[in-house]
Amino acid sequence: MPTVAVFAVLVITVLIAGLVIARPAITVAREGKALAFLGLFIFPVVTAFLGVDNHVERSKETSFCLSCHVMGPYGKSLYVDDPAYVPASHFQNHRVPPNQACYTCHTDYTLYTGSIKAKIRGLHHIYAQYIGTVHQPIQLYHPFNNRECLHCHLGARNFEQGTTHSAIMDDIKSNQLSCVTSGCHDMIHNVSHLDQVKMWSPKP
Amino acid sequence: MTNPAEPNAGFMAKRLRLAGTLIIAGLVVEGASLGWNHPLSFVAFIGVGGLLMAVGILIYLVALVTPARDRRDHA
């Protein structure tokens with residue numbers, strides 16, 4: 001739900017709750033009781049659910065991921081002027097939505113989807129960022145899963161009918177052969193070498 | 001603000017004001033967090049705004065189910 005709509009529900013809730021605070025005597029009447037129940041229970045709960053949904057949606061944005069200092073080099077790597085860099089070429093050519101670049105390829109990451117354990121990891125990241133210590137270099141919890149590539153590429157003509165991929169398709173689909181560590185598409189963010197590569201500047 | 005026709009109005013009025021104030025405070029925090037796209041804003045939304053609202057709602061619900069005799073004792 002758009003942020004404006006969440007704000008609208010929030011303002012309505014504040015108005016009703018404010019009315020109950022200013023005139024608690026209205027709750028003597030049946031209609032007043034119903035209004036208080038709406039303003040002090042139903043609407044706050046609805047606002048909370050809408051707010052959580054809004055926050056989770058916004059946490060998919062590239063700017064959200066890059067708001068943590070440690071992610072800066074990974075954001076910078078999206079602007080490498082070299083088509084061999086897989087994230088950069090996907091980002092620059094809009095093979096992934098630029099405003100959800102991180103989320104599109106890391107859909108199983110922390111706050112987005114997955115288990116409670118993944119959510120707790122997300123909170124741990126916040127703790128490490130502001131109170132604890134960030135271990136460098138940062139690493140994925142699990143090896144990158146081919147599923148993240150296949151949810152777009154699977155079924156695409158140039159992927160399915162290409163001689164290179166079709167010869168090893170079973171291994172790709174079963175995750176036996178990694179897309180990114182097999183020597184095929186292994187130039188990923190490569191942040192330790194960013195000072196040695198040419199960067200792309202999008203025209204304003 | 002108490003209603004003489006309702007002996008428990010004073011108790012309810014106090015609880016409604018307290019619950020409403022906490023809920024509005026929580027909503028203000030949540031509203032502020034919605035305007036800030038940052039991991040800490042989510043923590044503020046849940047940890048501060050959510051907590052204030054939850055306490056406010058709980059006070060309201062407990063007041064609703066408190067028996068009339070106990071309300072007179074508290075008022």
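Me: In this predicted model, is Val191(A) buried, exposed or partly exposed?
Reply: Happy to start there. Around Val191(A) there are 17 other C-beta atoms within 10 Å. Because the count for Val191(A) falls in between, the residue is partly exposed.

Me: Which residues is Val191(A) in contact with, leaving aside neighbours within four places in sequence?
Reply: Val191(A) sits in the segment after helix H11 (169-173) of chain A. Ser77(A) is 114 residues apart from Val191(A) along the chain, yet their C-alpha atoms are separated by 6.4 Å. With neighbours within four places in sequence set aside, the contacts of Val191(A) are Pro73(A), Tyr74(A) and Ser77(A).

Me: And where is Leu66(A), and is it buried, exposed or partly exposed?
Reply: Leu66(A) belongs to the loop between helix H3 (62-65) and helix H4 (72-76) of chain A. Leaving aside neighbours within four places in sequence, its contacts are Met71(A), Gly72(A) and Gly75(A).

Me: How far apart in space are Leu66(A) and Asn175(A), C-alpha to C-alpha?
Reply: Along the sequence, Leu66(A) and Asn175(A) are 109 residues apart. In space, the distance from C-alpha to C-alpha is 29 Å.

Me: Now for chain B: which elements does it have, and in what order do they run?
Reply: Chain B contains three helices and zero strands. Of its 75 residues, 40% count as buried. From the N terminus on, the order is α-α-α.

Me: Which element gives the most to the side of chain B that touches chain A?
Reply: The contact takes 29 residues from chain B and 31 residues from chain A. On the chain B side, helix H1 (9-34) and H2 are the elements that give two or more residues. By class, that side has 19 nonpolar, seven polar and three charged residues. With 14 residues, the element that gives the most is H1(B).

Me: Why is H2(A) called roughly antiparallel to H2(B)?
Reply: Helix H2 (residues 30-58) of chain A packs against helix H2 (residues 39-65) of chain B with their axes 10 Å apart. Angles over 145 degrees count as roughly antiparallel. The angle here is about 165°, so the pair is roughly antiparallel.

Me: How many nonpolar, polar and charged residues are in the contact of H2(A) with H2(B)?
Reply: H2(A) passes H2(B) in a left-handed crossing. Among the residues making the contact are Leu40(A), Phe41(A) and Pro44(A) of H2(A), along with Phe42(B), Phe45(B) and Tyr60(B) of H2(B). They divide into 10 nonpolar, three polar and no charged.

Me: Which element supplies the largest share of the largest nonpolar core?
Reply: This core has 27 residues, and those with the most contacts inside it include Ala17(A), Leu40(A) and Ile23(B). H1 (3-22) and H2 of chain A, together with H1 and H2 of chain B, each supply at least two of its residues. The largest share, 10 residues, comes from H1(B).

Me: What does Ile23(B) touch, not counting residues up to four places away in sequence?
Reply: In chain A, Ile23(B) touches Ala17(A), Leu40(A) and Pro44(A). In chain B, it touches Met53(B), Gly56(B) and Ile57(B).

Notes: Residues numbered from 1 in each chain as written. Chains lettered and ligands numbered in written order. Predicted model: local features only at pLDDT ≥ 70, side-chain atom pairs only at ≥ 80, totals over all residues. Axes fitted to C-alpha atoms, helices over the stretch in contact; angles between N-to-C directions. Helix = DSSP H or I, 4+ residues; strand = E, 2+ residues; numbered from the N terminus. Parallel < 35°, antiparallel > 145°, perpendicular 65-115°, else oblique. Left-handed = near helix turned anticlockwise from the far one by under 90°. Contact = placed C-beta atoms within 7 Å. Nonpolar A, V, L, I, M, F, W, Y, C, P; charged D, E, K, R; others polar. Core = buried A, V, L, I, M, F, W, Y, C linked by C-beta atoms within 7 Å. Buried ≥ 20, exposed ≤ 12 C-beta atoms within 10 Å, placed from the backbone.
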